[in-house]
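Let's take a walk through a protein model together. Have the sequence and the 3D view ready.

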Amino acid sequence: MDTKGFTDQVDNYIQNLRSAIYQPIVERDAGHAPIDRQKAFLLLLPLLNGEQWTDEMHSAALAIGAIHMAFDIHDQIDISDASSKEQQLMVLAGDHFSGIHYKLLASIPNFHLIRSLSTAIGKINESKTTLLQAPPDSLKDRLQMIGEVESGCILEFYQTFDFTRYIAIVEIAFPLLWLIQSKQNDLCNMKFPHLAPNTSDTEEWIELLRDNLHSRLQNSFYLHKPLVDELLSLTEQGVSKLI
Amino acid sequence: MGLEKIKLMSLYTDFRKDVSYIEKELERSVQSSSPIVRQASLHLLKAGGKRIRPIFVILAAQFGHYSLENASKVAVSLELIHMASLVHDDVIDDSNMRRGLETVKAKWNNRVAMYAGDFIFSRALTSIGSIEKEAVHRILAETMLEICKGEIIQIDFQRQTNQNLRDYLQRIKRKTALLLASSCELGALSADADSETVRKLKRYGYFTGMAFQIVDDILDITSTDAELGKPAGSDLLNGHITLPILYIKENVEFQPYMERAFTGDMVESERQSMLRYIRQSGAIEKAQHVSDLYLAKALKELESLPNGKSKKALVQIADFIGQRKY
């Protein structure tokens, strides 16, 4: 599969996700909820690498996309005033997306994933609360927590479907992407902008994580070269031809 | 503990041990490694509530092969889903008080309330996740989505005066009746009750839920601020038209009150005057009559079920709902 193939797969997934989470009143009054393409790309790594992709995996991947959307929209709720109609609908849109995630898992039905994902979702919300109210002092601990928040559900998906060899890649990629956004001063679009580190720490950690990822990719003989290139491109600039 | 909750508990003394077990399970299920999440969740648990959903699960499960362990998983899950929705509702309604206690959003902030609600929701799925019955999960997922749809429609209808009885009934069905119907249905299903019994219990829960919400909407007007733990008339002040208001919204004397309530300009003396007007208008009695009709339908569903302690408790709960004071 080449870049065009990756783009088509991710587009197709996003289209299916949009259709699964559609809610007419929310769309009309609060607009399209954003879908994180980078996260979708990392979730779909096994598919893009040519692994066997069953209908069950497809439904489970949509369920994870739905819960990611729920997280993302709830992260946008104003900390002190959510009384506008748009904010009220965003609260409910997140709850609706959560409900869709559960409905998709129930429709498979995959009871193991219902249990393991619910545990992961609980941990993610604990970590998000900690990052908001009482973040760890060191950047290392913060990065680890951000990585857990961003990758937690994807890791459960990989573990459930025996894609564990991809785990190390996403564990490194998420904190790295967060740091790249921080470096680009993309505070509007990044998660936890209040935790953005100073420039020298950012550079140092970007280098460290990039080296780590590169060596991981070099040793990942199972990854097709175009996918390695795509991952390198994404984690060099925070953008890729795909995104 | 409120007087009404004590009265309700006296209706199911035979199942009190089971209810206390579930209460402990509820507390255990919201334990968290994050001190803030733990405090927020326990704060909410301590605010109490009537625990009507867990009670319905236990009572409905008695009509099958009862297992406290299974019933508890369903009961905890349904109560946690209800609690999670309350935390998020307080963000939406910008409410600082619930049941006489500060809300999570007031004690911490909106974002903590969002995360605490999502955390509690995750624990609800953890609890029910060990029940490996497809129908249980399908029904619960559909119920959650319908509840959410109801809330979305409620926001859409906020401060709109062109609502009719059908709109109202659809709304309270999603807001309250469906979760009570599912409590009975899932309780019975988890105990492998026969399909006809499951259907009757589900309908009992549904009709009781409709009556419960109508009474809740009446009490929002007839109770004192202290009894409610929030200002009486809050529904209208938040832009929600409830059944008593539907009956009088066309009255010329009432319309200025409604306009002032919707614009948020109402002062305290006007609120008191508005409450007096509604209480004396006859709208409360009309709404109470509709609630009574639903309760009669609920009781009818129970008639053909086998007699026993559980059926007796369900009958008494329906009576309690019709007569509760706050």
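Predicted model: local features only at pLDDT ≥ 70, side-chain atom pairs only at ≥ 80, totals over all residues.

Residues are numbered from 1 along each chain as its sequence is written, while chains are lettered from A and ligands numbered from 1 in the order in which they are written.

**The core**

In soluble globular proteins, nonpolar side chains tend to be buried together. Here, the largest nonpolar core has 172 residues. (Such a core is a set of buried Ala, Val, Leu, Ile, Met, Phe, Trp, Tyr and Cys residues joined through C-beta atoms within 7 Å; buried means 20 or more other C-beta atoms within 10 Å of a residue's own, exposed means 12 or fewer, and partly exposed is in between, with C-beta atoms placed from the backbone.) Among the members that touch the most others are Ala66(A) and Val57(B). Helix α5 (residues 68–92) of chain B brings the largest share, 13 residues; helices are DSSP runs of H or I with at least four residues, numbered from the N terminus.

Leaving out residues up to four places away in sequence, Val57(B) touches Ala71(B), Val74(B), Ala75(B), Leu78(B), Ser183(B), Leu186(B) and Gly187(B). Contact means that the two C-beta atoms, placed from the backbone, lie within 7 Å.

**Where the chains meet**

Chain A and chain B each put 37 residues into their contact. On the chain A side, α7(A) gives the most, with 14 residues.

How do α7(A) and α7(B) pack? Their angle is about 160° and their axes are 8 Å apart, where axes are lines fitted to C-alpha atoms over the stretch in contact and angles run from 0 to 180 degrees between N-to-C directions. So α7(A) is roughly antiparallel to α7(B), a label for angles over 145 degrees.

Most residues other than glycine have a negative phi, and most peptide bonds are trans. Ile108(A) and Pro109(A) are joined by a cis peptide bond, with omega about -20°. Pro109(A) sits in the loop between α6 and α7 of chain A. Two non-glycine residues have a positive phi:

| Residue | Phi | C-beta neighbours inside 10 Å | Class |
|---|---|---|---|
| Phe192(A) | about 50° | 18 | partly exposed |
| Arg51(B) | near 55° | 20 | buried |

Phe192(A) lies in the loop between α9 and α10 of chain A, and Arg51(B) in the loop between α3 and α4 of chain B.

Definitions and conventions
Helix = DSSP H or I, 4+ residues; strand = E, 2+ residues; numbered from the N terminus. Parallel < 35°, antiparallel > 145°, perpendicular 65-115°, else oblique.
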